[in-house]
Amino acid sequence: MRWRKISLWTSLILVGTIVLAGVWAWTTDLGVFKPQVERWVSEMTGRDLRIGELSVDLAGSITVVAEDVRFANAQWAEPEYMLSVARIEFRVDPASIFNPPIVFESLGIDDAAIVLTIPESGDPNWQLDWADDDPAPPVLLRDARVSDVRLVYDSAERPVPLELTIDSATQRLRHDGFLDLSAIGTLSGRDVAIEGEIGTWGALLAARDIEFNLFGRFDTLTLSADGRIDDLSRPVQPTMNVEADGPDIDHLTRMLGLGDQGFGTIAIQGGLARRGDGMKLTLAGNLGQTRVDVRADFLSLVDLTRIDAEVRASG
């Protein structure tokens, strides 16, 4: 009887402690653990992480707000930080952590700078020494808002760095289950705009039968694509239509920082379609003064053992 009472009181104390710990975590701003977060990320990646202000709220969804975030560059690279963000805020569905994909209900990024560099020899600056080799779980983003982001990409083989700025970008979930996408910015100082839709949300969660319809304007070049992805993790027989049009190929190569590469229009049409039990790829048109014509028949993207292809280029 005595041992039964002791066991009962011990259980009550344990349950009470767990409940109090849960209430404390639920009602307390866990941003107080900022030094531990910085140290953990630094140890996992081999790079210093600095956070000016951090707020973590577990009430309802998991909400994280961080300001003045700086992630160190590789020792050999410039500038000092590979990534810096004035403010980032995101909200995560806690249930999705235990049942991936992990769903980010919202994401906001303001005033960020990213520098990506490939040296003449060795690993690029984004290659990290992860202490954990476990693969990352899949992630889905529902609503997003991004403003004032600058990305610079450079390598020893490029004549000039490539600079992308995102003035604003948004993503929102519509009532019909599709995600609306839009972004405006510049690439090498030339205007860029992208819009489109992808979904449905249920298909994205299942990672199967995902439909998309995208349109982009890159300076004078327009690019459109629509189709369906049967399996996001391992596409077997996806379908797609693509079209690209532009008045001068030099407009594209200059925007990509490659200088003048000839002259002539861009007019390309193509697609990937199901044909019987197999697939058919077509791509035809001109790139500058070069006329291209590609046709191929095969079983699927995961079985290319039997492929009948014809490629022609002239000009």
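Visitor: Which strand holds the place of Glu-105?
Guide: A word first: this is a predicted model. In it, the place of Glu-105 is in strand β4.

Visitor: Is Glu-105 buried or exposed?
Guide: Residues under 20% relative accessible area count as buried. Glu-105 has a relative accessible area of 14%, so Glu-105 is buried.

Visitor: Which residues does Glu-105 touch, leaving out those up to four places away in sequence?
Guide: Contact here means heavy atoms within 4.5 Å. With residues up to four places away set aside, the partners of Glu-105 are Ser-61, Arg-91, Val-92, Asp-93, Arg-142 and Asp-143.

Visitor: Which residues of the largest nonpolar core touch the most other members?
Guide: In soluble globular proteins, nonpolar side chains tend to be buried together. The largest nonpolar core here has 20 residues. Those touching the most other members are Leu-49, Ile-51, Leu-54, Val-69, Phe-71 and Ile-109.

Visitor: Which element gives the largest share of this core?
Guide: At least two core residues come from each of β1 (49-57), β2 (62-72), β3 (81-92), β4 (102-118) and β5 (139-155). The largest share is five residues, and its source is β2.

Visitor: What does Leu-49 touch, not counting residues up to four places away in sequence?
Guide: Leu-49 is among the core residues that touch the most other members. Beyond four places in sequence, Leu-49 touches Val-37, Glu-38, Val-41, Ser-42, Val-69, Arg-70 and Phe-71.

Visitor: How many residues are in the second, separate core?
Guide: Its members include Val-103, Leu-140, Ala-203 and Leu-204. The count for this second core is seven residues.

Visitor: Which residues lie nearest the centre of the largest pocket?
Guide: About 1,400 Å³ of space lies in this pocket. Its lining has 39 residues. Nearest the centre are Trp-40, Val-41, Ile-88, Phe-90 and Phe-104.

Visitor: Which elements give two or more residues to the lining of the largest pocket?
Guide: The lining includes one helix, α2 (34-45).

Visitor: How many residues in the lining of the largest pocket are nonpolar, polar and charged?
Guide: Pro counts as nonpolar and Gly as polar in this division. By class, the lining has 38 nonpolar, one polar and no charged residues.

Visitor: What is the pair of Phe-90 and Phe-104: stacked, tilted or edge-to-face?
Guide: The structure holds one aromatic pair. Its ring centres, in Phe-90 and Phe-104, are 5.4 Å apart. Planes under 30 degrees apart count as stacked and over 60 as edge-to-face. The planes here are at 55°, so the pair is tilted.

Visitor: How many residues apart are Phe-90 and Phe-104?
Guide: Phe-90 sits in strand β3 and Phe-104 in strand β4. The pair thus links distant parts of the chain, at a separation of 14 residues.

Visitor: What does Phe-104 count as, by relative accessibility?
Guide: The buried class stops under 20%, and exposed means over 50%. Phe-104 has 21% relative accessibility, so Phe-104 counts as partly exposed.

Visitor: Where is Pro-79 found?
Guide: A cis peptide bond joins Pro-79 to Glu-78, with omega about 0°. Pro-79 itself is in the loop between β2 and β3.

Visitor: In which loop does Thr-200 lie?
Guide: The peptide bond from Gly-199 to Thr-200 is also cis. Its omega is near 0°. Thr-200 lies in the loop between β8 (190-199) and α4 (201-206).

Visitor: What is the phi of Asp-111?
Guide: Asp-111 has its place in strand β4. Asp-111 is partly exposed, at 49% relative accessible area. Its phi is positive in a residue other than glycine, near 55°.

Visitor: What is the relative accessible area of Asp-209?
Guide: Asp-209 lies in strand β9 (residues 208-218). Asp-209 has a positive phi near 55°. Asp-209 is partly exposed, with a relative accessible area of 35%.

Visitor: Which helix gives the most to the lining of the largest cavity?
Guide: The volume of this cavity is about 30 Å³. Among its lining residues are Phe-218, His-251 and Ile-266. The top contribution is three residues, from helix α5.

Technical notes
Residues numbered from 1 in each chain as written. Predicted model: local features only at pLDDT ≥ 70, side-chain atom pairs only at ≥ 80, totals over all residues. Heavy atoms only, no water. Core = buried A, V, L, I, M, F, W, Y, C linked by side-chain atoms within 4.5 Å. Buried < 20%, exposed > 50% of the residue type's maximum accessible area, 1.4 Å probe, protein only. Helix = DSSP H or I, 4+ residues; strand = E, 2+ residues; numbered from the N terminus. 1 Å grid on protein atoms, 1.4 Å probe; cavity = no way out; pocket = protein on both sides within 12 Å on 5 of 7 lines; lining within 4 Å. Points joined across faces, edges and corners; volume = space filled by probe spheres on them. Phe/Tyr/Trp six-rings, centres within 6.5 Å; stacked < 30°, edge-to-face > 60°.
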